[in-house]
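Open your viewer, colour by chain and keep the selection panel handy. We will go from stop to stop, and at each one you will hear what to select and what to look for.

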Amino acid sequence: MGAHLLTLVTFIPVLGGIIIAFIPREKLDAIRWTAVAATALQLLVSFVILGSYDRMNPDIQMVEHYSWIPAFNIEYFMGIDGLSLPMVLLTPFISFLAIFSSWKIPKAQKGYFSLFLLLDTGMMGVFVSLDFFLFYIFWEVMLLPMYFLIGMWGGPKKEYAAIKFFLYTLFGSVLMLLGMLALYFSLEPHTFNMIILRDAAPEIGQKLLLGMNAAKVIFMLLFVGFAIKVPIFPFHTWLPLAHVEAPTAISVILAGILLKMGTYGFLRISWPVLPSATLWFALPMAILGLINIIYGAMAALAQKDLKKMVAYSSINHMGYVLLGMSAMTAAGMNGAVFQMFNHGTITAMLFMLVGVVYDRAHHRDIDGFGGIAAKVPIYAGVVALAWFAGLGLPGLSGFISEALCFIGAFPVFTWITIFATLGIVLNAAYFLWSYQRIFFGPLNPKYENLEEINKRELWTLIPLAVVVIFLGIYPAPMLDLMSGTLNQLVDIVKTAGMMAGF
Amino acid sequence: MDLTQLALSLKYFIPEMVLTGFIVVAILYDLFLKPETSHRVGFVAIAGLVVTLGMLYQQQGIPATGIFANMFALDGFATFFKWVVAIGAALAIWMSLDTKELENRRVGEYHILILILVLGMFLLVSATHIISIYLSLEMVSIMSYLLAGYLKENSRSNEASVKYVIYGAFSSGIMLYGLSLLYGLTGTGYISEIQAQLVLGQVSPVMLVLVTVLLLAGFGYKISAVPFHFWTPDVYEGAPTPITAFLSVAPKAAGFAVLIRFFNVALSQGDPNTPSWLALPGLDWPMIIAVLSAITMTVGNVLAIQQNNIKRLLAYSSIAHAGYMLMGVVVADQTGIAAILYYAGVYMLMNLGAFFVAIQIKNIYNTETIADYAGLGFKAPWIGIAMAVFLFALTGLPPTAGFVAKFYLFRALVQFGDGFLWLAMFGLLNGVVSLFYYMRILKAMYFDKMEIPEKLTAVPLHFNVLMFILVVPLLVGWMFGDPLSIWAAEAVQFFF
């Protein structure tokens, strides 16, 4: 394909953002619709990419490969495979819908939508880059708009949340930068090309750094960077704050797409490039996944604030991804990536629904409602669907991916998996309990005149619901897309690990 | 040393002679001006710098040469710094014409002093003999004292100048002692001959360490490295802001130039232009500098967190940046020095930019307090965006050139091997610390007061143009082939 589809899908949003910067600030609708157009176009291109993707070929496709800074062998190298394609589909999909959730952003709309679109480009760039330097640039570029989006349009503690998010992530990134440089210098000629690095994995595994195995040192450096993004316990403390303080659409982006960048980073770089270190760290990783599952669920159970509960549910859901991907089995790996996609759609619904009720009631106290199902039946219905998807009800997409993660992990980490299933129960507990407190029981007289969900809000939720239901009943199309690449990835890690004596 | 040889050297000295010519013209022109029109000297000064840059451009391609009996060198290394200094000076004069601090005051001498300062730095970056090093260093210092105290009736400006003089005299005295010891030990003042003597290994290592430490007092003072930094915040706060901006960039760059040249030639073995170059055996100065670098960046960053005055904050941040650049000196090989050159160029753009915004805000609101920046991002969107770019660049975040500059420094450190990975770690974590205080400014500008609809109209157009000139190279200058890095790599060429 000479169509530069990946460049297009990455840079269309930022072009929209630049156009918005030139629209006078009074022309609100022009600003909004430009944002819609940019993300819609991006979504369209992502469908074209899906259409021309060859699912029989597990290797990278639609490659765009140019020399960028030749003095340092830095390349403009983009390509996708079965690991990145689900994310390439997810990003424009969620971004497009999140634009509609941002419709009523109160002030400085021009800045908001410009930054939003810049954020979109940053995220997409991460998922299509195959040069580590390029990857890092996109990874960092995404921080700047996020800082402003939380800090300017967020809740009461927005400034603290914004700087905490920024400092945390930057801390992770600088360690990642060090790991990246160490990788760069581990090969002759020096390269950031992830494919070359992957093929040279056995050589990297032999090197020494600071008297230790280079692969392990680099793995740990990258680990911190990615773990903060996921976030893996104990690096998660920025998340509840940022998610709660951010405006609805940004929470959707944070939970729906941003968190995936962490696990994507593991699977794109750490796993194939440092397989021996990956196997060395697989068990701790699974245990961290277990902690995420149990801790996230327990913390969610304890929350009084609905948005915080949803935020903690993300920690729980990302735990399944960690468990699945550390098992190094085909089922676990497919489950992990599928869960990344599903969590993106489900959590987007959850945050949007929280936003809907917050816009009307101006609070998110779970105990502050009561019996509103009678007043807002449609809303209650959609919430029920999202909540069930969140707790992993069979027939909805979350179930399939969680089940795959467990199936994949069970033969490898039997006891961990058994404990992890406890998480499912806790998961159901907090979702159902909160649902009950909000919607059932006697009607709180304050909400006598609660408005029903409006058409715009409903239509942003319906596409998500359709995807959740469809993939819950018939997951094969999505699994087909990724299984080739992921099975190959499992093989790469296992073979390389065996050579290194695991 | 016959006269014909000296006369032959003159053709390698054209930029300096042009600059001197303009200094004379400026002095004469100033005689005919009334105080209220004396700012016109600034235009002469800018013209002089532009012509000088043209002459520097003419010198491209000349192989490294010693001039005036090898007291000075004309090489790629010196030329690179001359560019940085001259461009920085032109921008500083541009801003001086705009600042209200210098209003109602005779400013002819001010611009002339800046030009003389530039001439001093031209000499400093190319000096290759301990006498020429010392003399040009003093020339730079004395002009800096005068300029820092230019606001005569302002007590802070006076304090700045006096502090500057006292610290400066003290540390240059210490350095002079070190130079005299070195001369006594080796019997020569040419830095390349000093190397030839020291390599013989007849000088005791204790003596060498002592000399190194004494010299670092002088150089460290010029680049404001800890523990020779105490003058920096007070001088930066008291001096007229364009001068502060200029001092934070140009003399610092020139200080780095002479530091690198001295350590790389005199205290090393082998030709610094070849890969076989090594630090002098028995004198682990890379380690000394590494420790200095780690302390400098940490102290600068930690103290910056507390500051509420923008000039003081940027002063401490400039200390931290000296620490970052010292990381390149630690690995004083080709990549390390190229990284410093690149950093010096980028640092000039981003630091001048941040100071220029501070000047403009002071012109309009007469404040230097960060809290008073509240809502500025909405009142003056263009200044806000420009400031955000400068601050992100100073933090070292992509997609700005500030990131690339830091990246090259870390790259040099990691490439060096395991030895200085700890320093790279230090530098990276310091970057995270610096994020906190740089973002305090952005927080004030964007988060603190969001609803101010009316725009600020007092910003002159030419200031916006200046911001544009600084922002564009920072944002996209490196994305297309990165010409500065190619130039920096070629410029690592010493006269030896």
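Start by selecting Lys163(B), which is partly exposed with a relative accessible area of 26%. Keep in mind that this is a predicted model.

**Stop 1: charged side chains in chain B**

Is Arg312(B) buried or exposed? With 19% relative accessibility, Arg312(B) counts as buried, because the cut-off for buried is under 20%.

Now select Glu237(B) and Arg156(B), whose salt bridge has its closest N and O atoms 3.6 Å apart. Glu237(B) is in helix H10 (residues 231–238) and Arg156(B) in helix H7 (residues 155–186) of chain B, so parts 81 residues apart in sequence are tied together. Glu237(B) is buried at 13% relative accessible area, whereas Arg156(B) is partly exposed at 47%.

Show Glu159(B) as well, and you have the whole group on screen: Arg156(B), Glu159(B), Lys163(B), Asp234(B), Glu237(B) and Arg312(B) are linked in a network of salt bridges. Over all chains, the structure holds 24 salt bridges.

**Stop 2: where the chains meet**

Zoom out to see both chains. Chain A and chain B bury about 3600 Å² between them, 82% of it on carbon and sulfur atoms. The contact takes 41 residues from chain A and 38 residues from chain B.

How many salt bridges are there between chain A and chain B? The count is one; to find the pair, select Lys443(B) and Glu159(A), whose side chains meet at 4.0 Å, N to O. On the chain A side, strand S1 (61–69), helix H5 (132–141), helix H6 (143–153) and H7 each supply at least two residues that touch chain B. Highlight H7(A), which gives the most to that side, with 17 residues.

While both chains are in view, select the aromatic cluster that has members in each, among them Trp68(A), Phe133(A), Tyr184(A), Tyr342(B), Phe403(B) and Trp478(B).

**Stop 3: rings in chain A**

The structure holds 76 aromatic pairs over all chains. For one of them, select Tyr112(A) and Phe116(A): the ring centres are 6.2 Å apart and the planes at 35°, so the pair is tilted. These two residues are four apart in helix H4 (residues 109–128) of chain A, and about one helical turn separates them. Tyr112(A) is buried at 0% relative accessibility, and Phe116(A) is buried at 1%.

Then move to Phe165(A) and Trp238(A), an edge-to-face pair at 5.3 Å centre to centre with 65° between the planes. Phe165(A) sits in helix H7 (residues 158–185) and Trp238(A) in helix H11 (residues 238–245) of chain A, 73 residues apart.

Finish with charges over rings. Lys229(A) lies over the face of Trp139(A), 4.8 Å from the ring centre. Arg364(A) lies over the face of Tyr358(A), at 4.8 Å from the ring centre.

Technical notes:
Residues are numbered from 1 along each chain as its sequence is written. Chains are lettered from A and ligands numbered from 1 in the order in which they are written. This is a predicted model: local features need pLDDT of at least 70, side-chain atom pairs count only at pLDDT 80 or more; totals for chains, interfaces and linings use all residues. Side-chain values use heavy atoms; hydrogens and water are left out. Rings of Phe, Tyr and Trp (its six-membered ring) pair if their centres lie within 6.5 Å; planes under 30 degrees apart count as stacked, over 60 as edge-to-face and the rest as tilted. Buried means under 20% relative accessible area, exposed over 50%, partly exposed in between (1.4 Å probe, protein chains only). A charge sits over a ring if NZ of Lys or CZ of Arg is within 6 Å of the ring centre and within 35 degrees of the ring normal. Contact means heavy atoms within 4.5 Å. Buried area is the accessible area (1.4 Å probe) that two parts lose on being put together, summed over both.
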